[in-house]
Amino acid sequence: MSTTQPKGTPDLRKNNSVRIMRELISGEAISRAELARRLELSASTVGRVVRDLEKLGLVQEVGNGAPTGGRTPKLVRFCSETGFVLGIDISPSSLGIDILDLSGRIIVSQRTPFTSRDEEVIPSVVEALTDLLKQTGISLQKVLCVGVAVPGVADQERGTVSLAPNLGWIEERPFLAELTRQLGDGVDVVLENDVNAGAYAEYKERGGTCQSIVFIRLDSGLGAGIIMNDRIWRGKSNLAGELGFCIIGPEYFGGDYGHRGCLEWHCAGQEIVRAAREAYAKRGVVPTQQMSAASVHEALREIYHLAEQGDQIAWQVVDETAKFLATAIVSTCCLLDPDLVVIGGWAVTNGGLLLKLIREYVNSVMPRPQAIEQTQFEEHTVTRGISLMALERAQSNLLARLHDAV
């Protein structure tokens, strides 16, 4: 007996509505005739569904299309401003917030200094996003999903964060419960590790051309996000990619690196600056004013500049950092054999020499040359990734509600 449902059944109408909505959700203005052609539906079906979507406030006419010889087509588009999503990147030194409409268009992208620690973190984040919403005139009630990326171990099922020493969090913290309590229980929140979000952004940017990517973020901390077979690889305890804890040689066993780990203690941005200042002091050389008195970011930029100009002390510091990182990358690549390794974070901005040396060291020992690239998003990689995750959750929920509504 055939189980095919007859034309016009409720389930078929619901499915057609979702298919048409999914086609419109990109934000492209399109005619009803073109929708019918793309989805192989009848003109009457498309017309009826579009009328239903207009009544729900999800679709509107936006003018005429190009004449085709007959009646001038009317264009319709998804009302993407009916809701918004936020992507938040909590970094130890800065806070990134993106606001997107439901088609994925970036309304505003902001990154500001961030120094809050421990109990101050969540209230500071809520204050920053509330201020940004006020500036853009968007009410919190129109925010359908908030994505938050944190520099620590994020347990999505339990909504907790742990091992985030740069935020002052070591023990497990009920992050999701605390955040939703301050935002309001009606706000949907996606919680993710920051480098996992960065890896997702790099993966989506390449449009499916890579099935496996390792994204390494180097700034105040060090970690890696891993995409394997088109999915984020988290590991049994959500610890996959915690490169900062790698031991890079037998001589480093037994060392006390606090809660940060051996490799992070050597390679994080502020540690590169510390090593350079100590090297200059040991040799009785007075470093430049930018390096000795500037912020960590400015000092690191000066170290890279001096190294590229041939300064031996700066070059040796950069070279040592490259060896540490290359050691971890080689081990990662030998185990996972990814399509691509991408490196980002403020500690590699202006670090052309560092990346050059990393590539040379990695490729000198790998059986086949490994593709290693610098992110094209600069400091926005993680924000882009967590925004995409929030957007996909919001769009999925919207389509599910539509299926139930029609």
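Welcome! Start by selecting helices H8 and H10, where H8 passes H10 in a left-handed crossing (the near helix is turned anticlockwise from the far one by less than a right angle; clockwise would be right-handed). Before going on, note that this is a predicted model, in which local features need pLDDT of at least 70, side-chain atom pairs count only at pLDDT 80 or more, and totals for chains, interfaces and linings use all residues. Residues are numbered from 1 along each chain as its sequence is written, and side-chain values use heavy atoms, leaving out hydrogens and water.

Next, colour the contact (heavy atoms within 4.5 Å). On H8, pick Gly269, Gln270, Ile272, Val273, Ala276, Arg277 and Tyr280; on H10, pick Val296, Ala299, Leu300, Ile303, Tyr304 and Leu306. These residues divide into ten nonpolar, two polar and one charged (Ala, Val, Leu, Ile, Met, Phe, Trp, Tyr, Cys and Pro count as nonpolar, Asp, Glu, Lys and Arg as charged, and the others, Gly among them, as polar).

Now move to Glu40, in the loop between helix H2 (32–39) and helix H3 (43–55). Its phi is near 55°, a positive value in a residue other than glycine. Is Glu40 buried or exposed? Glu40 is exposed, with a relative accessible area of 73% (buried means under 20%, exposed over 50%, partly exposed in between, using a 1.4 Å probe and protein chains only).

Last stop: select Asn350, found in the loop between strand S14 (340–344) and helix H12 (352–365). Asn350 also has a positive phi, near 70°, and is a residue other than glycine. With a relative accessible area of 44%, Asn350 is partly exposed.

Conventions:
Helices (H or I, at least four residues) and strands (E, at least two) are DSSP runs, numbered from the N terminus.
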